Amino acid sequence: DTNVLYRGGKDALAFMQSESRRILSGDPGSFENELLRLDREFIRRNLSPGGCADMLAMALFLSEIPQETGLLD
């Protein structure tokens, strides 16, 4: 994400990418706790994925709306 690169440089971007890979390849049962831990670390480092995070949150939200509701037609 360019916002992470802008705020933290190449090291911050590499950190975000490696942590994302680690979390996604880990135990699904610890996914939520790992994301919360990563969120705290992002706050500590003053990092923000910016618009990408907003788009991801909306995609996850919409993926939970059943097709039967007709809300996505």
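In what order do the elements of the chain run from the N terminus on?

1. **Overall fold.** From the N terminus on, the elements run α-α-α. The chain has three helices and zero strands, where helices (H or I, at least four residues) and strands (E, at least two) are DSSP runs numbered from the N terminus.

2. **Basis of the note.** The model is predicted, and local features need pLDDT of at least 70, side-chain atom pairs count only at pLDDT 80 or more, and totals for chains, interfaces and linings use all residues. Residues are numbered from 1 along each chain as its sequence is written, and side-chain values use heavy atoms, with hydrogens and water left out.

3. Of the 73 residues of the chain, 18% count as buried; buried means under 20% relative accessible area, exposed over 50%, and partly exposed in between (1.4 Å probe, protein chains only). Among contacts (heavy atoms within 4.5 Å) with a separation of 6 or more, 49% join residues 24 or more positions apart.

4. **Nonpolar core.** The largest nonpolar core holds nine residues: Val-4, Ala-12, Leu-13, Phe-15, Met-16, Ile-23, Leu-38, Phe-42 and Leu-47. Such a core is a set of buried Ala, Val, Leu, Ile, Met, Phe, Trp, Tyr and Cys residues joined through side-chain atoms within 4.5 Å. H1 and H2 are the elements that give two or more residues to this core, and H1 gives the most, with six residues. In soluble globular proteins, nonpolar side chains tend to be buried together.

5. **Glu-19.** This residue lies in helix H1. Why does Glu-19 count as buried? Glu-19 counts as buried because its relative accessibility is 12%. The side chain of Glu-19 makes a polar contact with the side chain of Arg-22 (2.9 Å); a polar contact is a pair of N or O atoms within 3.5 Å, and within protein one must be able to donate a hydrogen and the other to accept it, while residues adjacent in sequence count only if both atoms are side-chain atoms. Leaving aside neighbours within four places in sequence, Glu-19 is in contact with Arg-37 and Leu-38.

6. **Leu-38.** With neighbours within four places in sequence again set aside, Leu-38 is in contact with Phe-15, Glu-19 and Ile-23.
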